[in-house]
Amino acid sequence: MKRFRIAVLLLMSPMLALAADLSGTWRGNDGGTYYLVQRGNSLNWYGEQNSTNPAWSNVFDGRIRGDRIRGNWTDVPKGRTRGHGKLDLRITASGNILKITRKSGGFGGSQLTRAGYTPPPPTAPRPQVQRPAMPAQPARPPMAQRKPVPMQRMVKEDCISFNPRNAQRKQVNGSWKIVDGSHWMFDFGNNGQEAAQALRIIKHYRMDQSCFVGRPGPSFKYMLRKGNAPSGSLRGEDCIGFNPASLSVEQHGGRWKVVDGSHWLLDFGSKQNEAQQALAIIKKHGFNKSCFVGRPDPSFSYMRR
């Protein structure tokens with residue numbers, strides 16, 4: 001009889017895991033929202049960075065076995081990324097947390113939490129028994145110590161300063177440019193409208209530095225105001241948000257990229273060092289918006305907070 005009970009419990013263990021229906025709205029630690037539907041041992045979801053103009057959106061098709069889930073994910077055209085791969089997940093916290101234990105294809109998140117679920121507070125540690133204090137040792141002469149400088153502050157930046165009050169749109173040899181006095185800074189070809197929009201952005205944020213990674217032929221360009229990231233907003237901007245804390249440098253298809261979760265933000269080709277430098281600059285200034293004038297093939301791009 002005892003063996004029979006054990007066998008019944010073993011047979012029921014997958015059913016017990018399935019008893020917690022996973023259907024509902026979930027939040028990912030990649031900043032996304034996921035909508036899960038469970039039917040028996042089948043699990044599907046649709047996930048997106050945000051509901052309007054998301055940088056990435058994906059679907060998942062998986063199978064549940066006990067407390068484990070295995071399946072395939074792929075990006076869908078609502079976002080601008082085109083990744084795909086496999087995911088292994090583990091059901092924890094009585095069906096309220098899904099931990100991603102294995103992933104491929106550049107999927108960004110590592111945990112999904114059911115919306116509205118609050119993890120219980122951690123158990124207070126047991127009080128430790130106080131041991132008798134050891135006799136005090138003679139103090140050694142203190143050595144001069146210097147606080148480590150955060151890596152972001154050590155980044156060398158290549159910037160050209162200008163006066164935004166002097167910036168103007170001007171046609172030079174049939175090409176629309178933004179100029180500062182006698183020299184031009186940005187070239188828009190025959191697109192005068194995009195030149196006017198870029199000038200409006202520069203003056204609105206009072207940008208006074210044009211910065212580069214990897215001149216000549218820079219792989220990354222950005223703008224600053226008095227050495228800091230432009231901040232605020234401007235009506236009519238074309239911006240995509242991202243989480244600077246989740247950015248990393250990864251190699252995909254032989255090319256080094258700065259990625260945010262399951263989509264790539266910047267492409268540096270074979271230049272790994274420039275990708276690492278750009279990532280350090282983004283984190284230093286706290287950029288969380290990538291903005292464009294004239295997509296696709298933007299004639300002007302910038303980042304802000």
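**Notebook: charges and rings**

I started with E157, which counts as partly exposed at 27% relative accessibility. Here buried means under 20% relative accessible area, exposed means over 50%, and partly exposed lies in between (1.4 Å probe, protein chains only).

I noted that this is a predicted model: local features need pLDDT of at least 70, side-chain atom pairs count only at pLDDT 80 or more, and totals for chains, interfaces and linings use all residues. Residues are numbered from 1 along each chain as its sequence is written, and side-chain values use heavy atoms, with hydrogens and water left out.

**Salt bridges**

How many salt bridges does the structure hold? I found 10. A salt bridge needs a side-chain nitrogen of Lys or Arg within 4 Å of a carboxyl oxygen of Asp or Glu.

I looked up K284, which is partly exposed at 32%. Its side chain meets E157 in a salt bridge, 2.7 Å from N to O. K284 is in helix α3 (residues 272-285), and E157 is in the loop between β8 and β9 (158-161), 127 residues apart. Helices (H or I, at least four residues) and strands (E, at least two) are DSSP runs, numbered from the N terminus.

Next I took D158 and R215, whose side chains form a salt bridge at 2.8 Å, N to O. D158 lies in strand β9 and R215 in the loop between β13 (209-213) and β14 (220-224), so this pair ties together parts 57 residues apart in sequence. D158 is partly exposed at 26%, and R215 is partly exposed at 43%.

Then I checked R70 and D88, with their closest N and O atoms 3.1 Å apart in a salt bridge. R70 sits in strand β5 and D88 in strand β6 (residues 84-92), so the pair ties together parts 18 residues apart in sequence. Is R70 buried or exposed? R70 is exposed, at 57%, whereas D88 is buried, at 12%.

**Rings**

I counted 11 aromatic pairs. Rings of Phe, Tyr and Trp (its six-membered ring) pair if their centres lie within 6.5 Å; planes under 30 degrees apart are stacked, over 60 edge-to-face, and the rest tilted.

W73 and F107 pair edge-to-face, 5.3 Å between centres and 70 degrees between planes. W73 lies in strand β5 (residues 68-75) and F107 in the loop between β7 (97-103) and β8 (111-114), so the pair ties together parts 34 residues apart in sequence. W73 is buried at 2%, and F107 is buried at 5%.

I also noted a cluster: ring pairs link Y34, W45, W56, F60, W73 and F107.
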